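Please look through the sequence and the model shown here before reading on.

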Amino acid sequence: MTVTVRADLIAALRRKLEQLGNMGGHLDYTWRKVSARFPMRSLSELDSDGLEVLAAFKGRFAELQDHLASAMRLVARIEEVNADAFTYVVNYMEKIGVISSSEAWNEARAVRNDAAHEYTDDLAGQAAFFNEVYEKTPFLFETLAALQDFCRRTYPEGRQ
């Protein structure tokens, strides 16, 4: 990899990390806002404002998870790790300590996929889904913090 390409990728990663920091703050705000409601048994007890906050919570969770994956792929490219299959990226992130385990990442990813495709009318089933989102959110915060720490140590400002 040429020095210019590496420098461009690191610059893109820094921009992505800034964006992730904002997203993490937004998710944290919403997570704290909904915390008193968990664990949930049914969505039937929520008013329109409560449902709106849950929708924001679901969207922010999915968005942060997606952008974490994008940043992890950037790190793999910078480090010249094969990123053709995301499984390789996940395994590398586990190896360098960004994620606790590939299983934990895959569980969070499954919840994110459900967030994008969950259309059940069953209020108890919806509550169970939101309980999963709530339970997996700290994992995303931990992953973000570990990724930021890795990048600070590995790609300090002024060094490409």
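## Model and confidence

This is a predicted model, in which local features need pLDDT of at least 70 and side-chain atom pairs count only at pLDDT 80 or more, while totals for chains, interfaces and linings use all residues. Residues are numbered from 1 along each chain as its sequence is written, and side-chain values use heavy atoms, with hydrogens and water left out.

The chain averages a pLDDT of 92, and 96% of the residues score at least 70, where pLDDT is the predictor's confidence in each residue, from 0 to 100. Confidence is lowest in helix α4 (residues 102-117), with a mean of 89, and highest in helix α3 (residues 86-95), at 97. Where pLDDT is low, the predicted coordinates should not be read in detail.

## Overall layout

The chain contains five helices and zero strands, and along the sequence its pattern reads α-α-α-α-α; helices (H or I, at least four residues) and strands (E, at least two) are DSSP runs, numbered from the N terminus. The C-alpha trace spans about 55 × 25 × 20 Å along its principal axes.

## Helices α1 and α5

The axes of helix α1 (residues 3-34) and helix α5 (residues 123-154) come within 11 Å and cross at roughly 150°; axes are lines fitted to C-alpha atoms, for helices over the stretch in contact, and angles run from 0 to 180 degrees between N-to-C directions. The two helices, α1 and α5, are therefore roughly antiparallel to each other (angles under 35 degrees count as roughly parallel, over 145 as roughly antiparallel, 65 to 115 as roughly perpendicular and the rest as oblique).

On the α1 side the contact (heavy atoms within 4.5 Å) includes Leu-13, Leu-17, Gly-24 and Trp-31, and on the α5 side the residues include Tyr-134, Pro-138, Phe-141 and Cys-151. By class, the contact of α1 with α5 has 13 nonpolar, four polar and one charged residues (Ala, Val, Leu, Ile, Met, Phe, Trp, Tyr, Cys and Pro count as nonpolar, Asp, Glu, Lys and Arg as charged, and the others, Gly among them, as polar).

## Helix α2 and its partners

Helix α2 (residues 48-78) packs with α3 at an angle of about 80°, the axes being 10 Å apart, which makes α2 roughly perpendicular to α3. Ala-69, Met-72, Arg-73, Val-75 and Ala-76 of α2 make this contact with Phe-86, Val-89, Tyr-92 and Met-93 of α3, a set that divides into eight nonpolar, no polar and one charged.

With α5, α2 packs at an angle of about 35°, again with the axes 10 Å apart. Among the residues in this contact are Leu-54, Phe-57 and Met-72 of α2 and Phe-129, Tyr-134 and Leu-147 of α5, and the contact of α2 with α5 comprises 17 nonpolar, three polar and two charged residues.

## An aromatic pair

The structure holds eight aromatic pairs (rings of Phe, Tyr and Trp, its six-membered ring, pair if their centres lie within 6.5 Å; planes under 30 degrees apart count as stacked, over 60 as edge-to-face and the rest as tilted). The rings of Trp-31 and Phe-141 have centres 5.6 Å apart and planes at 75°, so this pair is edge-to-face. The pair links distant parts of the chain, with Trp-31 in helix α1 and Phe-141 in helix α5, 110 residues apart.

## Two points in the loops

Phe-38 and Pro-39 are joined by a cis peptide bond, with omega about 0°, and Pro-39 is placed in the loop between α1 and α2. Glu-80, although not a glycine, has a positive phi of about 60°, and Glu-80 lies in the loop between α2 and α3.
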